[in-house]
Amino acid sequence: MCDLHDHHEHDDPTLTSSAGGLSRRRIMQLLGAAGVVGGVTAGGTDPAMAAAADTADADGGYRAPADLAKDSPAKDAALDWIDRKAAAITGLNDEIWQHAELSLREWKSSLAQAEFLERAGFDVRFGTAGFPTAFTATFRQGSGGPVLGFSGEYDALPGLSQHKGVGHHDPQEYIHDPFAPGYGPGHGCGHCALGTAAAAAAAAVAQAARTHRLPVTVKFFGSTAEEQLIGKTYAVSKGVYDGLDAFLDWHPSTSNATGWGTTTAMTAVTFTFLGVAGHGGTPLGNKSALDAAVMMATMSEFLREENLAPSGRLHWVINNGGDIPNVTPEIAEISYYVREGSPERVQVLLDKVIAISEAAAKASRTRVQHKITSACWNQLPSRSFAELMHDNMRTIGPPDFSAGAQRLAKELQKSLGLPQKGLHDEIGALTPPNPVFMGGGSTDVADISWQVPTVSMGAALAPVGTKMHTWSTASCSGAGPGHAALLAAAKYLAATAVDLLTQPARLKAVKDEFARRTKGVTWRTALPDGYEPPMYEPPAWFLERTGQHWPPKNITWPPKRVVSQETFSSLGPELAPQA
């Protein structure tokens, strides 16, 4: 999430409660009503959904196992390291928060995170999968040990600038444009904390392994453009995450919880309409690309009643609709996120959206082309991994929120018209996923989860009842709530990773479950053949600092220009003058 990476189902009690006393017949009726029964119950129909489904406890009675997490000198060393380095860890978060760099352009943020890991003894290599701001940091202790991966992100979101620690909407960067005022970027999804906590956990595990001579390879993947689901999906297709034994992931949330539910698969696509510009005062014969985009947006709304199941999502934004009213827009672009429970179901919905674009082009006499910018699978969950993570979260306890952090949370809730409940200060119960998949967010971690056993966890960085992708989350990310959440998250990740090193049975259980779930399922990237990831040319200083050359070999540079060659619309033969 995020693009909407806040997918932890425990944020909403209606999603986390188990099926209780529902009979299997009633569950099947609910699945049918949601339009997902075939995908969940018939592996041959939709293997991706079948592999992610888990109805073993659908009739209730689940109890989360205890005593999976074990105390050990290595775990103590990792947690102590986080405590001792707390100021440096929160300082890294605040630095990245201040940079607030957008996807694919995280020049300063990626460097800050990489340098933190270099100081912790990691070998850092930039340019992972050709992305300038992606890097892989590696630490090795001994030989023959497991290979553990951690997920780092650092991109901000446009339009979500906010002063840190302020309980009302107060953009730090305001754009003074008389025709289009707006706000600068901000960490409204908390990726400053996400990457920082993961880097701290990786460094803590390395310190514990070094001190106690535990054989392990720790790999930290600094990933670009999570908000557009680009960085990891493409990197997975290039084998970047091959060879891992386990992968640990977290995301800022409104609760402290983990689980083994799935996410929505997604395809991001941009439609470009090409027309002919002309003066708005003499519009006859002009071809408005904006008209085409508006028609497409309108027609796609009519999909919702009869073609969009509760498990699906369809949302759009007009990226480019022209510049001034008296110039008919010659080029217009509208971008869609198409989500469903599996890649196959996404494709069915996407085909309908593409058909609508063609209809809009025909009606407006314009030309349309589309480009898929990203695509990911639904996440493959791991029950055994979630159970281990939950036991560590329960043992360590919730984030240590100060009175000031709780006060800020309640001020934000008041400002947003929400009940003033503050921050979630408990560890959420571990419960089976809802047997009826009702859709939600997507994550590019999902593609990793089909290569290696993966666990995801959320820590309460934002107030109860709020959402990710808001200015209120940006206020928390760089202040007390964010600091407490990321330090707790670092401990949850590090403790769980150490258990995989000191308890071989736990790692075996995780890998055995992964083998069962993926049996008979062949993962293939959802990205189209010939896909070239979008990129921006880095500044010269960044290339020099990171030892890279431009352009990378996997893209065409400069990219092909999009230029309209359309002609004015014919009105037919001239009319003869009236006598």
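How do the residues of the lining of the second largest cavity divide into nonpolar, polar and charged? They divide into 7 nonpolar, 5 polar and no charged, where Ala, Val, Leu, Ile, Met, Phe, Trp, Tyr, Cys and Pro count as nonpolar, Asp, Glu, Lys and Arg as charged, and the others, Gly among them, as polar.

The model is predicted; local features need pLDDT of at least 70 and side-chain atom pairs count only at pLDDT 80 or more, while totals for chains, interfaces and linings use all residues. Residues are numbered from 1 along each chain as its sequence is written, and side-chain values use heavy atoms, with hydrogens and water left out.

**View A. Lining of the second largest cavity.** The volume of this cavity is about 60 Å³. On a 1 Å grid over the protein atoms alone, a cavity is a set of points where a 1.4 Å probe fits but cannot get out; a pocket is an open set with protein on both sides within 12 Å along at least five of seven lines; lining residues have an atom within 4 Å of a point. Grid points are joined across faces, edges and corners, and a volume is the space filled by probe spheres set on the points. Among the lining residues are Thr128, Phe131, Phe135, Phe221, Ala235 and Tyr241. Strand S6 (216–223) and helix H9 (231–237) each supply at least two lining residues; S6 gives the most, with 3 residues. Helices (H or I, at least four residues) and strands (E, at least two) are DSSP runs, numbered from the N terminus.

**View B. The largest pocket.** This pocket holds about 1,900 Å³ of space. It is lined by 50 residues, of which Thr270, Asn319, Ser335, Thr373 and Pro534 are the closest to its centre. Two or more lining residues come from each of strands S9 (265–274), S10 (313–320), S11 (331–340) and S12 (367–376). With 7 residues, S12 gives the most. By class, the lining has 27 nonpolar, 14 polar and 9 charged residues.

View C. Leaving out residues up to four places away in sequence, Glu333 touches Thr270, Phe271, Thr272, Val317, Ile318, Asn319 and Asn320; contact means heavy atoms within 4.5 Å.

**View D. Helix H6 (residues 86–99) against helix H17 (residues 480–502).** The two axes come within 10 Å and cross at roughly 120°. Axes are lines fitted to C-alpha atoms, for helices over the stretch in contact, and angles run from 0 to 180 degrees between N-to-C directions. H6 and H17 are therefore oblique to each other: angles under 35 degrees count as roughly parallel, over 145 as roughly antiparallel, 65 to 115 as roughly perpendicular and the rest as oblique. Ala86, Ile89, Thr90, Asn93 and Asp94 of H6 make the contact with His483, Leu486 and Leu487 of H17. These residues comprise 4 nonpolar, 3 polar and 1 charged.

**View E. H6 against helix H7 (residues 107–119).** The axes lie 9 Å apart at an angle of about 165°, and the helices are therefore roughly antiparallel. Ile89, Leu92, Glu95, Ile96 and His99 in H6 meet Lys108, Ser109, Ala112, Gln113 and Phe116 in H7. The contact has 5 nonpolar, 3 polar and 2 charged residues.

**View F. H17 against helix H18 (residues 504–518).** Here the axes come within 5 Å and cross at roughly 100°, so H17 and H18 are roughly perpendicular to each other. Asp499, Leu500 and Thr502 in H17 meet Pro504, Arg506 and Leu507 in H18.
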